[in-house]
Amino acid sequence: MNKTGKSAIKPRMAVEKLFWKDPYLTHCTAKVMSVENDMITLSHTVAYAFEGGQQSDIGTIGGFEILQARRDGFEIFYTIPENHTLCLGDSVEICIDWEKRYRVMKLHFAAELVLELVYQNYGHPEKIGANITYDKARVDFAWEGNISSTFNFLDAKLAEMIASDYKIICDFDDVENEHRFWQIEGFAQVPCGGTHIKSTKEIGGLTLKRVNPGKGKERIEIYLAD
Ligand SMILES: [Zn+2]
């Protein structure tokens, strides 16, 4: 049993998640490890499956479009079109849409910084939700009042952190259970299984927008400046 209570395959039996070893890999080759109708598993992969608010990669396996990527325990199950011709043991190429993934990585880390800065400077309000796509990220807080009162501080601090080009370290804190974290020395260490950029400078520039999804809840939307 893993942390989420699901029975899970031992990590060494499951897909090798190259998106953790090198989040900048855009393609790899792998063996098809199982085929069940339109669902397959692989020996290696660069294609991330939705977790922790970070959306799945868009891409192809052996030329067939990835329709869905689903994490279950340590394994990732990919759904491809029903008329695919892949067989057990086939050697295939896995390719991801790098432009979209890189935007997701920048927005993901921008959301990490916003979350951490709000936690550290505004009394650790409860995070209600988060979502990261390639055009925007959002973080929802339990918050009375108007969260845009934090924006002068956040804008200045984010600009400073991006300009300072802080190194982002990512690693396992528990290899057996595949628990990962990111760290900026002297700032924060945060558990997260997502794909992260190497330094804050890569984010470039950001725009924050306040959205008010309901009473007692406030949403910060994050956009890349480009
Ligand atoms: Zn993360």
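## A tour of strand S12 and its sheet

Start by selecting residues 169-174, strand S12: zero of its six residues are buried, so the strand lies largely in the open. Here buried means that 20 or more other C-beta atoms, placed from the backbone, lie within 10 Å of a residue's own, and a strand is a DSSP run of E with at least two residues, numbered from the N terminus. You are looking at a predicted model, in which local features need pLDDT of at least 70, side-chain atom pairs count only at pLDDT 80 or more, and totals for chains, interfaces and linings use all residues. Residue numbers begin at 1 along each chain as its sequence is written.

Two strands count as paired if DSSP finds at least two bridges between them.

Now move to the turn. Four residues separate the strands of this hairpin, and Glu-178 takes a positive phi near 55 degrees.

Bring in 188-191, strand S14. The three strands form an open, antiparallel sheet in the order S12-S13-S14. S12 and S14 are the edge strands, each pairing on one side only. From one strand to the next, the twist averages 30 degrees, with angles running from 0 to 180 degrees between N-to-C directions of axes, which are lines fitted to C-alpha atoms.

Finally, zoom out to the whole protein chain. Its C-alpha atoms fill a box of roughly 55 × 40 × 35 Å along the principal axes, and buried residues make up 30% of the 226 residues.

Definitions and conventions
Buried ≥ 20, exposed ≤ 12 C-beta atoms within 10 Å, placed from the backbone.
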